Structures are given as structure tokens and as C-alpha cells.
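Please look at the sequence and the structure together before reading on. The paragraphs below are meant as a guided walk through selected parts of the fold.

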Amino acid sequence: MAYVITQTCCNDASCVAVCPVNCIHPSPDEPEFATAEMLHIDPKTCIDCGACADACPVQAILPDDKLGPSQTRFAEINAAWYENHPMPEGWQPLVPTPAPPRDRGTLRVAIVGAGPAACYAAQELLERSDVEVEMFDRLPTPFGLVRAGVAPDHPGTKAVTESFEWSFRREEFALHLDTEIGRDITHVELLDHHHAVIYATGASSDRRLGIEGEDLPGSHAATEFVAWYNGHPDHAGRAFDLSGDRAVIVGNGNVALDVARILTMDVDELARTDIADHALKALRESNIREVVLLGRRGPAQAAYSNPEFLALGDLTGVDVVVDEADLELDPVSARAVEEDPATALRVRLAREYAGRPVRPGHRRIVFRYLAAPSELLGDDHVTGVRVERTELVDDGGRLAARPTGRFEDLPATLVLRSIGYRGVPVPGVPFDDARGVVPNTGGRVDSGVYVTGWAKRGPSGVIGTNKGCAKETVAALLADFDSGTLAAPRGDRGALDRLLAQRRPDRVDLNGWRAIDAAERRAGHAQGRPRVKITDREALVELGRRRRRLPLLASLRR
């Protein structure tokens with residue numbers, strides 16, 4: 001028997017560190033790690049110890065005899081990776097290097113953001129005993145895209161927050177929610193109270209298509225739709241037109257697949273998740289029967305990951321539709337299929353879907369490869385998409401999608417663009433507007449200023465990718481602290497608390513978040529769900545602030 005990594009792999013490599021026989025790859029020090037869709041266990045080397053399963057923060061690792069029907073394919077996927085990546089020889093277990101002694105006092109660090117990039121940075125810092133970490137976020141809840149971006153039918157992925165809670169329990173850690181940089185405290189004031197500031201602000205905006213009709217009602221960013229069904233308080237009041245029978249998604253990455261799945265899956269299954277109640281109600285009344293995904297390139301270059309593509313085939317009452325004509329491969333793609341198992345699997349899955357019958361009465365997710373939108377149609381509301389066929393050409397060693405001048409009008413009343421996230425600037429912090437990131441070198445931005453996550457490298461990778469990213473940034477910060485190049489803060493934690501008490505006296509702290517979390521879980525337990533999200537910002541803030549005031553009142557009575 002061997003253990004198998006399945007669809008929900010987060011790539012944070014916690015499993016790699018505990019494997020006694022080095023049978024999990026690619027590891028963070030291997031070049032393939034940066035682009036790997038998931039990690040893989042070599043079944044020939046695995047000794048069935050289970051250490052990896054215990055370490056996995058998202059419950060993605062199972063013994064092969066415990067795989068469910070929808071997971072059995074992952075045993076093949078794990079084994080196939082080693083056909084082109086044989087196990088390294090002469091491996092020796094890594095011996096942790098003890099941290100050098102310090103005599104510079106307590107290192108104080110502010111982290112702006114509370115998503116996975118921020119939480120991984122806090123974990124890295126709090127492995128030391130001479131650090132104080134203050135975490136800030138403008139929302140009254142933590143965890144960023146884990147809470148507001150991960151699809152509700154992926155509860156295993158959301159379990160990564162349990163590992164982040166370890167940081168929250170440390171006395172050296174403080175949480176300041178509903179607190180915005182530039183409104184409640186400035187960048188300069190953060191530097192006055194800390195040796196360093198790490199910005200982990202993510203990429204909260206979206207990229208645009210730049211075509212006629214993009215701003216018509218019925219046309220939205222997929223990021224807004226995702227935030228809406230996940231109960232993000234800034235988007236809970238949005239409305240999406242689900243009255244038509246077809247929606248078109250521009251793009252075919254994992255976010256696009258999430259949206260297509262939510263629009264077509266059995267609503268009774270969604271009702272057992274933490275999807276926002278307003279979205280659940282709207283989806284029960286939805287008329288959408290078909291979702292079409294447009295991708296400029298062919299199946300070999302599709303942006304989705306194989307695990308997410310494979311999982312679509314298990315949706316109840318949903319057919320995945322692929323046109324056999326779209327599966328002809330150009331020479332470059334054919335060579336990639338021969339050389340890369342992941343590309344070969346991507347094409348093989350597309351061919352399997354193309355060979356399946358379309359069943360009457362089923363909803364449909366339709367993949368249109370080599371297709372790009374040229375215009376959104378309609379006068380006062382979207383009525384369709386003008387789609388132009390593309391062809392792949394060799395552009396200096398890389399494949400480019402070239403327009404062909406052949407068009408087709410595709411009726412639709414809802415169009416969602418899913419072509420990437422984009423960072424937004426923070427007042428007082430350098431920003432590269434062309435790339436949508438904070439300019440940096442290995443996480444260093446300026447004296448005492450650092451960046452990690454999507455704000456550092458752009459919107460790429462999965463949740464666990466942020467772990468290695470944070471490790472690099474924190475290593476740079478610690479090196480600068482050790483060398484004495486970081487200016488000592490003029491204010492300590494007490495001074496910061498006094499400043500925030502003046503500027504944001506009712507901010508939500510850790511006790512406030514715990515009250516929100518407990519209330520959501522209680523409501524969820526009553527309905528057989530993980531939680532029922534509170535989506536009204538004022539209600540979240542009031543609940544969090546009320547819990548914050550209790551310790552203050554108790555201290556006054558004493």
C-alpha cells in the first residue's frame with residue numbers, strides 16, 4: 001500500500017519536510033516545484049508511514065486503499081510523474097540549521113493583509129522567540145482568499161486555516177481587523193512602530209478584456225462573482241442575471257472552472273457547504289443550463305490544472321462537452337504531449353470528455369478552445385458574445401494565439417471574465433502599475449519594507465506557493481535585522497495600541513474574530529453545514545467589537 005496525493009493538494013510542501021524516505025516531489029528546492037500543479041508520492045518508495053497525511057494541512061493525502069471512486073485516478077497521476085522524474089539517488093535527510101543567537105532585542109514586524117501569504121509569513125517569523133508580529137487587515141475577518149476565494153465545495157482546501165490558527169494563539173501575535181492602512185494608520189506610522197513592514201495585500205482587482213460592450217449590464221469580473229457566492233461583505237449586495245439559459249466565461253483557469261461548477265452543480269449539494277445564503281437562494285432560482293468557457297489556446301495549453309479538470313467529470317447531472325475538432329494538435333503541442341506527462345494527461349482528459357455522450361436533461365459545461373471574445377453584444381444588456389476563432393503559431397519559440405477572422409455569435413445573458421487578478425497600490429508604498437505588483441528584489445522593497453504573496457510575484461500559484469514565497473521574504477528580513485540595517489522602532493506594542501485606540505477604538509481583534517467564527521459555526525451546526533457566513537459588514541463589525549469590549553470592561557471592574 002502507498003499514500004496518494006489527491007485533488008486538494010495545496011503545494012505548501014509540509015508533507016515533503018516529514019517524509020522519512022524523500023518520496024514526495026517536486027520539493028521546494030527542485031526547479032519543477034515552481035510550476036507543479038500538485039505534489040506526487042512515488043508508490044515504489046513510499047513505506048506507508050502516514051507522516052505526510054498527518055502533516056497535510058488540507059487533508060489531501062490518503063492511503064490508496066481508502067480512495068473514493070472520484071479519487072482513484074490520482075494513484076495513476078502520482079505514479080506517472082515519476083516516469084519522467086525518477087527518484088533522486090544518494091539522498092540524505094536535511095538537518096535543520098539552528099538560528100544564530102541574537103542580541104538585538106525583540107524584532108517587531110507588521111504584516112499588512114491576513115490571507116495565506118500573510119499567515120505563512122507570520123508562521124515563519126513566530127518560529128523564533130524574539131519576535132512580535134502585528135497583523136492588519138481592512139476586513140473584519142481574516143484568511144483572505146481562503147475564506148472569500150476558495151470554492152465552497154472545496155472544504156478540504158479551507159482546512160489550511162487550522163494551521164494558521166497556531167500563529168494566532170501565540171502571545172507574541174496581535175490581530176487588528178477592520179483596520180485599513182492609509183485610513184486608520186499610515187505606512188510611515190507602521191514603520192515608526194516596527195523594525196519592518198511586510199505587505200501581503202494580494203491582488204484584489206481584476207484584468208479587463210478591453211473590448212466593446214465590456215461594461216454592459218450582465219458583464220462582470222469573475223472575481224466579483226466568486227466574492228459574491230463566498231459572502232465577501234463588499235460584494236454581498238451584488239446581483240447577477242441568472243435568468244437566461246447560458247453563461248459565458250472568458251478564460252479557462254481554475255477560477256473559471258470554479259465558477260462553471262457553482263453555476264451548474266446540484267444546489268442541494270451546495271446547501272451543505274458554507275456558500276453564502278444569498279447566493280444559494282439565487283442559484284436555486286437560476287435558469288442557467290449551459291456554461292461555455294472560452295480559451296484562446298488549445299487543450300495542451302489550457303490554464304486549468306489537471307486535478308480540477310478531472311473533477312468536473314464527477315458532477316451530478318452535468319456533462320462536460322468538448323468538440324473533437326478542437327483536439328487536433330499542432331507540432332509543438334504534440335511534442336509537449338510526448339515529453340510532459342501533465343500535458344499528456346490534460347489532452348487525454350479532453351479526449352475522454354469529447355468521447356462521452358451528451359445526456360438529455362443534464363446541464364452542460366462546454367469547453368471552446370482556440371476561441372476568443374471580440375465583442376460583447378447588446379444595447380442595454382448583454383445578449384451574446386462575438387467569438388473569433390484563433391490559431392496557434394510559433395512566435396519565436398513560444399506558441400501565440402493568432403486571430404483568424406472567422407466569427408460566431410454566441411447568445412448569452414451573463415458573461416464573466418476570468419483572465420486574472422491584479423494588485424492595487426497601498427498609499428505610501430511603491431507600486432508597478434504595469435505589472436500590478438510592488439516592485440521588489442527577493443521580497444525586499446525598501447529599507448524596512450518587504451512584500452510577499454501575489455503583491456510580490458503577481459497572481460500565480462496556489463495557496464501553498466505562498467509558503468516558499470514567505471520563507472524567502474522573511475529570510476531577507478531576518479538577514480537585514482541581524483546585520484543591523486533595520487532602524488529601531490520609536491514606539492513599542494503599547495504605543496501602537498494607544499495610537500489605534502485613538503484612531504480605531506472599536507477595531508476587531510482576535511477575540512472579536514473568535515466571536516464571529518463561533519457564531520458562524522453555531523449557525524452552521526444547526527443546519528448541518530460547516531458554517532453560515534455573516535455577510536453584512538456592520539453585523540460582523542458589531543459582533544467583533546462587542547466581544548472586544550468584554551475584556552476591557554472586565555479590566556475596568558478589577
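Predicted model: local features only at pLDDT ≥ 70, side-chain atom pairs only at ≥ 80, totals over all residues.

Residues are numbered from 1 along each chain as its sequence is written, and side-chain values use heavy atoms, with hydrogens and water left out.

Helices (H or I, at least four residues) and strands (E, at least two) are DSSP runs, numbered from the N terminus. Strand β5 (residues 107-112) is largely enclosed by the rest of the structure, because six of its six residues are buried; buried means under 20% relative accessible area, exposed over 50%, and partly exposed in between, with a 1.4 Å probe and protein chains only. In a regular strand the side chains alternate between the two faces of the sheet. In β5 both faces are covered, with Leu 107, Val 109 and Ile 111 buried on one side and Arg 108, Ala 110 and Val 112 buried on the other.

Two strands pair if DSSP finds at least two bridges between them. Six bridges join β5 to the parallel strand β6 (residues 131-136), and four join β5 to strand β8 (residues 196-199), which also runs parallel to β5. Val 109 has bridge partners in both, namely Val 133 in β6 and Ala 196 in β8.

Most residues other than glycine have a negative phi, and most peptide bonds are trans. Against that background, a cis peptide bond joins His 25 and Pro 26, with omega about -5°, and Pro 26 is found in the loop between β2 (24-25) and β3 (40-41). Ala 13, which is not a glycine, has a positive phi of about 65°; this residue counts as buried at 9% relative accessibility.

A search of the whole structure finds 49 salt bridges, each a side-chain nitrogen of Lys or Arg within 4 Å of a carboxyl oxygen of Asp or Glu. Arg 108 is buried at 4% relative accessibility, and Glu 134 is buried at 0%. In another salt bridge, the closest N and O atoms of Arg 246 and Glu 290 are 2.7 Å apart.
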